[in-house]
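Hi,

Here is the structure I promised to pass on.

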Amino acid sequence: MRLLVHSARQVVTITNEDVFYLSGRAMKSVEVLQNNDDGVAVAIDDDGYIAAVGSTQYVRRLWKDDDFEKIIDATGKCVLPGFVDAHTHPVWAGDRVHEFAMKLAGASYLEIHSAGGGIFFTVDSTVKCSSEELYQSLKDRLIKMLKAGTTTVECKTGYGLETKAEMKLLQVLQRAKEELPIEISLTYCGAHAVPKGKTPEEATEIIIRDQIPRLKNMMDQKLLSVENIDVFCEKGIFDTEQSRRILQAGKEIELRINFHGDELNPMKSAEMGAELNATAISHLEMVSKKGIEDMAVSGTVAVMLPTTAYLMKLKPPPVHEFIEAGVPVAIGSDFNPNVHCLAMVSKGNMQDSKILEA
């Protein structure tokens with residue numbers, strides 16, 4: 001056994017039901033275990049899975065102290081699950097400080113993008129960087145997320161765009177997944193933008209014809225363990241049908257669909273994603289009522305990115321409508337060169353809490 005946490009005043013377990021997610025009114029409450037006699041204990045096995053939760057006396061009857069590699073006395077403390085950051089872009093180089101003047105002057109995201117800024121500027125800086133430099137900056141960011149309470153993070157590529165550069169970013173993330181003490185869900189996002197000199201249709205064909213087969217080959221060789229495919233479904237980038245083709249191609253190599261949709265313009269991304277049984281769709285500021293209804297039927301998770309909506313002065317996504325419709329809702333920091341948010345809660349709240357690191 002890897003770990004025993006014992007004598008906790010409380011242990012939060014989210015739910016005691018055998019379900020994959022909570023939605024609707026069920027999201028309002030969590031299950032909190034308490035035992036006023038000897039506290040509550042959690043036992044973790046060698047594979048990192050929770051083997052038992054219950055009174056300290058009960059768990060100690062199952063194993064002896066010397067069965068555990070590590071024992072933590074949590075007397076008086078609350079043990080709660082780590083945060084899951086459902087949307088990040090953590091591997092890139094350079095900064096975009098110079099764009100603040102454009103933003104202050106009223107330039108929109110797409111206007112900055114069309115002028116060669118935004119994603120394009122970061123891509124230019126990233127492709128010039130060595131894998132080691134990218135890894136070291138990625139490591140620093142992920143460790144800061146871990147210290148802020150995030151124990152699982154979805155990590156996207158997207159600042160390579162070209163096949164060779166995207167595969168390099170995937171390999172950097174794979175190294176982090178294998179070496180760092182934080183759980184990573186790895187997402188291929190080669191369709192984050194249309195490369196310079198290409199049309200959206202040309203980029204779509206390259207992704208389907210070259211990048212996805214290359215990715216599958218590397219996965220078959222056990223060089224990569226990618227879980228999700230992403231595309232930026234947006235006006236002037238990849239339209240809904242191009243996005244559908246890219247996502248379908250990823251689905252055919254057993255990647256889960258987890259993409260950007262209905263952010264800046266109503267694209268019917270939610271309807272398309274629900275039709276493909278997408279695992280998740282992010283942003284959704286411009287989602288339609290039918291899109292919400294379709295996501296509720298398909299069980300597709302709506303990933304809310306409040307920091308991005310705030311910084312870009314977007315209309316907030318209709319969170320309450322998602323909840324009322326029974327759509328499972330998650331939150332992501334959307335950490336990226338434009339949004340430097342590494343924590344799922346504010347620093348002040350972290351300092352005011354007694355946090356047990358295990």
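Below is what I found, going from the whole protein down to single residues.

A word on the ground rules: this is a predicted model, so local features need pLDDT of at least 70 and side-chain atom pairs count only at pLDDT 80 or more, while totals for chains, interfaces and linings use all residues. Residues are numbered from 1 along each chain as its sequence is written, and side-chain values use heavy atoms, with hydrogens and water left out.

The big picture

The protein has 13 helices and 15 strands; these are DSSP runs numbered from the N terminus, with helices being H or I of at least four residues and strands being E of at least two. Of its 358 residues, 48% are buried. Here buried means under 20% relative accessible area, exposed means over 50%, and partly exposed is in between (1.4 Å probe, protein chains only). If you take contacts (heavy atoms within 4.5 Å) between residues at least 6 apart in sequence, 70% of them join residues at least 24 apart.

Two packed helices

Helix α6 (residues 163-179) packs against helix α7 (residues 200-220) at an angle of about 35°, and their axes are 10 Å apart. The axes are lines fitted to C-alpha atoms over the stretch in contact, and angles run from 0 to 180 degrees between N-to-C directions. On the α6 side the contact is made by T163, E166, M167, L170 and Q171, and α7 brings I206, D210, Q211, R214, L215 and M218. By type, that contact has five nonpolar, three polar and three charged residues.

Salt bridges

How many salt bridges does a search of the whole structure find? The search gives 16, each being a side-chain nitrogen of Lys or Arg within 4 Å of a carboxyl oxygen of Asp or Glu.

The side chains of R245 and E205 form a salt bridge at 2.6 Å, N to O. This pair links distant parts of the chain, with R245 in helix α8 and E205 in helix α7, 40 residues apart. R245 also meets E201 in a salt bridge, at 2.9 Å from N to O. As for accessibility, R245 is partly exposed at 32%, E201 is partly exposed at 32%, and E205 is partly exposed at 34%.

Another pair is R60 and D65, whose closest N and O atoms are 2.3 Å apart. R60 is partly exposed at 31%, and D65 is partly exposed at 40%.

A buried arginine

Finally, is R141 buried or exposed? R141, in helix α5 (residues 131-147), is buried, with a relative accessible area of 13%. Leaving out residues up to four places away in sequence, R141 touches P90, V91, W92, F335 and L342. V91 is 50 residues from R141 along the chain, and their C-alpha atoms are separated by 8.8 Å.

Cheers

How values were computed: Nonpolar A, V, L, I, M, F, W, Y, C, P; charged D, E, K, R; others polar.
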